[in-house]
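Hi,

Here is the structure I promised to pass on. Have a look, and my notes follow below.

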Amino acid sequence: MRHLLTKLKIGQLFRSSQPRLSTIPPRPIPKMTDTIVPVRALWFSALGQWEYAPQAPYDSKASYPPDGIPASLTLVTWNVDFMNPYANERLTAALDYLQFHVFPEYRGSQPPPCLILLQEIKTDAFETLLAHPWVRAYFMVVPGSTADGWPRGAPYGTVTLVARSALLADSRCVHFGESRMWRNGLVTDVLLGGAEPRARVLRAVNTHLESLPEGTNKRVVQMGVIAGLLREAGTFGGIVGGDMNAIAPSDETLAEDNGLSDAWEHRRDGAEDGTTWGYQPIERFPPGRLDKILYTEKDDLEIKDVRRIAIGLQMPLAGGAGAWVSDHYGLVCHVEARKNVASQEAERDY
């Protein structure tokens, strides 16, 4: 959340002839058109250069062998803070932390199928992201550049890292028409198993909703757009993670109003309050649960093991001082596609 950004230059958004995505009524009608921009993932190839990564287009009639598609994945969301000094060094420290502490059992090598949703990647730090050895070795990067997907003029934006062990079917970026802060929903579609011989499409949206009290009404509209994306035809289920900037009373019911479930509120252990911002450092605004993971609740989709990460995380500076890696904590959850009656019948027919 950017409390200090009180004056922002309005970026000129791309225009599109495509109709606005439908939302679940009743929803405020946006005053501007959302823009859908197709984006391509990049990966670091065996030739030692960044190239477009292959996609696994979804075919509802295709048959897949048993264990041919991951039935689960790990999802991480983290606002890595573009505003404070040392953006490049802090981003490197954040990626190091993800590599060695979020997936400790893999000892820094190839992680399990996962999606890492990052917000506030500074434009000047994008090359730092692409230079990280762990990213180069094991991930596809969406979008592949700041110009390929972000709203024009954005000084920072969202990036989703897709593990190479996941099957990426499609990706796009939806620029919110109702935004003065270059905000968007970065969409990645991945294939999940659990219904062999058929695959299913899980849609994940990486977002950073409008900041500040004056952005309250825009957050309502933006979340309505995201809810529509998560329920588009052809998707098996949907999940959105990111900085929701939940600071107003209306933000407390934003998930429920859009028919989405809050992963943190559905935890079995309710001892922690879930605060993700306000302590690194102590702010003049009260701490809050700004970052969330929301999803479309389904019998055959389970979101579990939600936890906070990067609590108290600092990096050393010259002279022995330390700097917070981010002003936000991150969140991690496990996403699992389970068999339903229809998939079991399909399996018997296979």
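**Notes on the model**

Thr207 sits in strand S10, residues 198-208 (strands are DSSP runs of E of at least two residues, helices runs of H or I of at least four, both numbered from the N terminus). Bear in mind that this is a predicted model, where local features need pLDDT of at least 70, side-chain atom pairs count only at pLDDT 80 or more, and totals for chains, interfaces and linings use all residues. Residues are numbered from 1 along each chain as its sequence is written, and side-chain values use heavy atoms, with hydrogens and water left out.

Thr207 counts as buried because its relative accessibility is 0% (buried is under 20% relative accessible area, exposed over 50%, partly exposed in between, with a 1.4 Å probe and protein chains only). A polar atom of the Thr207 side chain lies 2.9 Å from the backbone oxygen of Asn184. Beyond four places in sequence, Thr207 also touches residues including Gln119, Phe176, Ile226 and Asp243 (contact means heavy atoms within 4.5 Å).

Now the core. The largest nonpolar core holds 36 residues, and Trp78, Leu98, Ile116, Leu118, Leu129 and Leu161 have the most contacts inside it (such a core is a set of buried Ala, Val, Leu, Ile, Met, Phe, Trp, Tyr and Cys residues joined through side-chain atoms within 4.5 Å). Among the elements giving two or more residues to this core are helix H1 (87-102) and strand S5 (114-122). H1 gives the most to this core, seven residues. Leu161 is in contact with Leu95, Leu129 and Phe139, among others, leaving aside neighbours within four places in sequence.

Cheers

Technical notes. Polar contact = N/O pair within 3.5 Å; in protein donor to acceptor, adjacent residues only side chain to side chain.
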